[in-house]
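These are my notebook entries on one structure. I set down what I looked up, entry by entry.

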Amino acid sequence: MKNITHTLLICVLILFTLSSCQEDDDRVFSETPTARIAANSSRLSRLLTSSPAFRTNYFPKNSEYGGAQIYLRFTEDGKVFMSSNFDENVDITESLYEVRFATSTELVFSTFNHITKLGDNNLPGLRGTGFEGASNFVFVEETEDGGIILEDFRNESKFTLVPVSRSEFDSSPDLAVQGLANKSRLVPGPTTSVFKQLTVQDEAENVSFDLVYDEIRFFGTAQSRGVNGEVTKTITFGITFTPSGLTVSPAIEVNGISHEDFDYDMVNDNFVSTVAGSTAVLGSSNEPAFITNDFQFLENEGDPAIGYRPFTWGDSPLTSQGFQALLNETDVNLNPRSFSRIQFNPTFPSAAGSSDCESILFIWYFSNGTEFRADYCFSAVTVNDRKLFLTYSGPSGGNGTAREAQMRPIIDFFASENGLIVTSEGGFSTSERNFSNLSGTLTSVDNPSQRVYFLKF
Amino acid sequence: MKKYNNFFLTVIAVIVILSFSSCEREDELTASQIDTSTPELNELDIYIRETFTTPYNIKVDYRFDINEVDQGRFLYPPRIESVRPMLDLLEQVWIEPFNEVAGPDFIKLIAPRQFTLIGSLNFNQSATITLGLAEAGTKISLFNIDFIDYSSVESIKRPLQTIQHEYGHILNQTRPFDVQYGLVNPENYTAQWFNRSDAEALELGYITAYASSSETEDFVEMVSEILTTSKEEFNQKIENVSNDEARASLRRKEALVKTYYLEEFQINLDELQEVAFQAMLDLVN
């Protein structure tokens, strides 16, 4: 019995001995971590310098901001040359870059250049954040065409470098200027409409969205509405301007078709993208896609009077360049006098009947430092298709008659034959003042470049 | 039977020895896979090594590293052309005066071991701007170096005040200052210091608004003010305070600061003030 036990024990020990040296060499990687890190860093360094140059449309955070088109040329001695259309300084400038390993292989723009402008936390209106741009980018992968995909790990936004020729890089400042020209085409100018629209037309339908373009953030918000004014769809996107037009991110998706790259159409002064029979157009329009009932806040809120006093209350970007041009024209007419302020007291139709002077426009002007007033009569307000219509009757009190010809640009604005469109803008807020009074805008349909921001008394 | 047992024990011993030795593997040592080679240095890197790192054991980081700053803030790297003027300022207006007055080893022995240079402004939620930060007595971060005009005394005074302020903290962390300092006029210390102007703070007996945030900041703000103004300017500033009590508090704190430097570090602060101010004028000119 004892011998059997000993024999079994020896067998077990022999089995252990034989099995103890079995090597399960199931290595996932053939190289050590250190070797793989070094190889990955070398790979990124090689990729950066293997192409003559790169182009990228960098959107640091496309849920809040647009971005810029940037050209980059990397050299083996750690220098990077860049240009961009982020601002007016488009020239190629030099800085340093590094390929580092932190938690992963990273490309670091280690001194200031065009790309770091998007992280400038002192931009007007964006203090503390800028466009939330980054300087460190994690290497993700190489594309088939020699491009490089990286990622800003803070915002998790992709940063894709597309290979381009040296000659394209050398001409990048000129391309940036073209991009800046396209940027100016989306901002209302002295003669362009303040109304922007996104329209998407395909075989199934034609959808119009009112577009609000935030020129500080290069960011668009498009909304479509139902027949009762309820918002049916909201699309938001950042914009980067390109030499040929603009690129949006995320892509605008309607009925399953994505629109990303838009070309500028000089004939119609808008940006067009055509994909699989679907055409999306971003641009100006003479009227909004949907006119709201905002005019009612003038009608319903007590005895209405609205005022525009830029010299004492300050002004808002909602007062358009077109309206400024109108005031400049008035100033030229009044010279050596000059425009001071406006008050308009509209009267909505009532059972009391009508007269030629139910609504009154008061215009103050400066003469030798003293304010004088010129008054003008209008009919009561009529409302049609949610637009206000007024008929000019003639001068009233003050110096109305004497200054009538000189004040004509302002009078014509209120007497817009195709009506005035009203928006309600909440509490009054300008560069100078914030009041609890309600505020709004009036836009001439005759000339939709003219919009004025007013306070409601 | 005994023979069998001996045989059995021998077999067991052989198996055990084989078990221990069978898995021994000795990989040959090869070259390190870690890249320890010196990185390629540019002209600026070499200047930093020769001027700060080798003589003073101070590292100056001008290349942006997000891990060296608050990752919750949006900051950008300095322009490369902004770096050398800042290095000159550090060397000529901060280090050299200490070398001259406190001896050539003073900065070598007590100094931040790292300067981090940032190009952008550093905004706080309170809408104030952080000019610099000292961390653990070893590191000073200097912000907005892209916005300094080196032809203007007023412009270079701001980063210098930051440097002297943060270096003051480092000295305090080496040798604590007299607790009497915090008892001179503690009644108006407030975390809401930014709601107070510098002029208002002076009339309360604090050299700047930030000095009224706490006794430690008060102390280093006094140091910073002394070392970035001429003696005449400093005296004029104190004498212009209309509140007698505030003026007396400021003079009392000035005296405590000077005593601290003399007793703890054998530094005559009046002399250091004169040398540092002249260095500042020389840099601008």
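In what sense do strand E24 and strand E25 of chain A pair, and over how many bridges? I find that E24 (residues 420-429) and E25 (residues 434-444) of chain A pair in the antiparallel sense over 9 bridges. Two strands count as paired if DSSP finds at least two bridges between them. Helices (H or I, at least four residues) and strands (E, at least two) are DSSP runs, numbered from the N terminus. E24(A) and E25(A) form a hairpin, with 4 residues between them. Within the pair, I note Gly440(A) of E25(A) as the bridge partner of Ser424(A).

**Basis of the entries.** I am reading a predicted model, in which local features need pLDDT of at least 70 and side-chain atom pairs count only at pLDDT 80 or more, while totals for chains, interfaces and linings use all residues. Residues are numbered from 1 along each chain as its sequence is written, chains are lettered from A and ligands numbered from 1 in the order in which they are written, and side-chain values use heavy atoms, with hydrogens and water left out.

**First barrel entry.** I traced a closed barrel of 8 strands in chain A, running E1-E2-E3-E4-E5-E6-E7-E8 with antiparallel pairing. Its neighbouring strands are turned by 35° against each other on average, direction ignored. Angles run from 0 to 180 degrees between N-to-C directions, and axes are lines fitted to C-alpha atoms, for helices over the stretch in contact. I looked up one pair here: E6(A) and strand E7 (residues 148-152) of chain A run antiparallel and are joined by 4 bridges. Glu141(A) stands opposite Ile149(A) in E7(A).

Contact means heavy atoms within 4.5 Å. E15 (residues 270-275) and E16 (residues 278-285) of chain A pair in the antiparallel sense over 6 bridges. Phe271(A) stands opposite Leu282(A) in E16(A).

**Salt bridge entry.** I record 35 salt bridges over all chains; the term requires a side-chain nitrogen of Lys or Arg within 4 Å of a carboxyl oxygen of Asp or Glu. The side chains of Asp87(A) and Lys117(A) meet in one of 2.8 Å, N to O. Asp87(A) lies in the loop between strands E3 and E4 of chain A and Lys117(A) in the loop between strands E5 and E6 of chain A, so the pair ties together parts that are 30 residues apart in sequence.

**Helix entry, chain B.** I turned to helix H3 (residues 80-102) and helix H5 (residues 153-174) of chain B, which pack at an angle of about 50° with their axes 11 Å apart. That angle makes H3(B) oblique to H5(B); angles under 35 degrees count as roughly parallel, over 145 as roughly antiparallel, 65 to 115 as roughly perpendicular and the rest as oblique. The contact includes Trp94(B) of H3(B) and Tyr167(B) of H5(B). The axes of helix H2 (residues 43-56) of chain B and H3(B) come within 11 Å and cross at roughly 20°, which makes H2(B) roughly parallel to H3(B). Among the residues making this contact are Tyr47(B) of H2(B) and Leu87(B) of H3(B).
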